[in-house]
Amino acid sequence: MDWIDRYAYSNRLRFIHPGQKAGLALLAIILCLALNRPAVGVLTTGWMLMLGVIWARVPLRVLGAAVLVEGFLLAWAVVGVAVSVQPGSGGWPLSFAITSQSCATAFNLLTRALGCTSAMAFLAFTTPVVDLLDLGRMLGMPPLLLDLALLIYRFTFALLESLEHMVTAQQVRLGYADFRHGMNSAALVASRLFIETYQRTRRLQVALEGRGYAGDLRVLPGEYRRSWSVWLLAAALASSLLAAWGWV
Amino acid sequence: MLRKVVGLRAFWLAGALLLIGSRVAWAGASSAPQAMHIMEGFLPPFWAALWFAVAIPFWVLGFARIRRLVAAKPEIRLLLGLAGAFTFVLSALKIPSVTGSSSHPTGTGLGAILFGPLEMAILGTIALLFQALLLAHGGLTTLGANAVSMAIVGPLVAFGIWRSLQGRLPQGWVVFLAAALADLVTYVVTSIQLALAYPDAVSGFLAAFAKFGAIFAVTQIPLAISEGILTVLIFQALRSSAPDELRSLGLQGA
């Protein structure tokens, strides 16, 4: 789960204001949804992969794999749009039909969703979650909600590490050899993880109270720089997408 | 006639490629969740907005409840945060599936029983947001739709079963039904959401619902059964090894 997170902290756009990066990704998503043409979707995918690889220096292999996995899932779902079902005739209970129109809808959907997905991947690979929570604070979201999100984010990795250790320990003892043992091992690990969660909560509570915890988790806001090239890129992105929309 | 046969062959070939492709894709992505989310950009703007509108009242209720709990007991803030992390991490656990392969639990049923359904509406939505940001799975514009199916309806159903059948059936069965039906109902709601947005060109909403339902049944029905069994076992283990913790969560009948 930490592979995207690692690039989010180490890419070249790490210290650019999160609002600018989120704005760029949202612009791409909104244009993709609003213009709704295959050419726009394909172009957005290209744009976002290019920005991620050339501008943010995320390896193409990693960014591409993330988009590809979603793409396969997407292809699954799109089959349902491409194939049309109706009560059949001549002894068959159902008949399936693929018309050129339904194929066009499905293709449009596939490209549009792929474009939006790569915009999301661009945001995920360039912006750490803490920066986005910072952005939420600037936008005036309730502090309690942001505290909860921060706690979930921080402890996800701690708990994940415990989980991995426990699962490895079970695996070397053949804990997942067959279905029955696998189920028992998984249940055991989940219940131990629950206890671990509970104990961590208590330890965190004691540690925070020892430092004068009064109900708010205060962290220093990050320092970001605003980049002029974001505006230029946003303008280029929007105009090229509009051009693709008008041209095809 | 020949064209029909060729068309059919092409159809099967495409299907087989898809199956193999998604298997490979899954194997390649480390700890990818198999929970079924609607991807970013899949829903047209109208439906994306509509599902946000459906989700918002539950978010408001859930947040009001969390705020009340925190006002009464400030330390519950930490517990809720870690509970959210727990249910999120649970989805990285690999469980054997009844079909022989392996899958990942969603944890919504267990979360609703342990921590309450309205709390799960908030915690589950945060988890969905993190899945989009940490696993590139799911999205922002579809967050409303995904939250309705996974963080709102699923936990509500699980909690409803847990509360209403408690004492009428053996506890193992109640837990199994709560967890398995939470998964099933999530899958049904997602199929409805997809079918409403993309009804069949010829035979309308119902046929589209059947199509999407059939496509996802391959992974989702075995998952529901596996997760049901797993949750029963987790519950047994918790009752024997963590009775104090369960009691302090205010869990009745545990």
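Is B:Asp183 buried or exposed? With a relative accessibility of 4%, B:Asp183 counts as buried, because buried means under 20%. Keep in mind as you look around that this is a predicted model.

You can find B:Asp183 in helix H7 of chain B, which covers residues 171-197. Setting aside neighbours within four places in sequence, B:Asp183 is in contact with B:Thr106, B:Thr108, B:Leu223, B:Ala224 and B:Glu227.

**Rings in the structure**

Now let's turn to the aromatic side chains. Over all chains, the whole structure holds 13 aromatic pairs. One of them joins B:Phe52 and B:Trp59 in an edge-to-face arrangement, with 6.0 Å from centre to centre and 70 degrees between the planes.

| Residue | Relative accessibility | Class |
|---|---|---|
| B:Phe52 | 24% | partly exposed |
| B:Trp59 | 17% | buried |
| B:Asp183 | 4% | buried |

Elsewhere, residues from chains A and B come together: A:Tyr153, A:Phe157, B:Phe88 and B:Phe130 form one aromatic cluster.

**Domains and helices of chain A**

Chain A is divided into domain 1, made of 3-127 + 225-247, and domain 2, made of 142-210. The C-alpha centres of these two domains of chain A lie 34 Å apart.

Next, look at two helices of chain A, H2 (residues 18-35) and H9 (residues 228-247). Their axes are 10 Å apart and meet at an angle of about 5 degrees. Because angles under 35 degrees count as roughly parallel, H2(A) is roughly parallel to H9(A). On the H2(A) side, the contact is made by A:Gln20, A:Leu24, A:Leu27, A:Ala28, A:Leu31 and A:Leu35. Their partners in H9(A) include A:Val230, A:Trp231, A:Leu237 and A:Trp245. Sorted by class, this contact of H2(A) with H9(A) has 14 nonpolar residues, one polar residue and no charged residues.

**An enclosed helix**

How many of the ten residues of helix H6 of chain A are buried? Eight of them are, so this helix (residues 129-138) is largely enclosed by the rest of the structure. Among the buried residues of H6(A) are A:Val129, A:Asp131, A:Leu133 and A:Gly136. The cover over the buried residues of H6(A) includes helices H1 (3-10), H2 and H7 (143-172) of chain A, along with helix H5 (117-134) of chain B. Just after H6(A), A:Gly140 takes a positive phi of about 80 degrees.

Note on methods
Residues numbered from 1 in each chain as written. Chains lettered and ligands numbered in written order. Heavy atoms only, no water. Domains from an automatic or database assignment. Axes fitted to C-alpha atoms, helices over the stretch in contact; angles between N-to-C directions. Helix = DSSP H or I, 4+ residues; strand = E, 2+ residues; numbered from the N terminus. Parallel < 35°, antiparallel > 145°, perpendicular 65-115°, else oblique. Contact = heavy atoms within 4.5 Å. Nonpolar A, V, L, I, M, F, W, Y, C, P; charged D, E, K, R; others polar. Buried < 20%, exposed > 50% of the residue type's maximum accessible area, 1.4 Å probe, protein only. Phe/Tyr/Trp six-rings, centres within 6.5 Å; stacked < 30°, edge-to-face > 60°.
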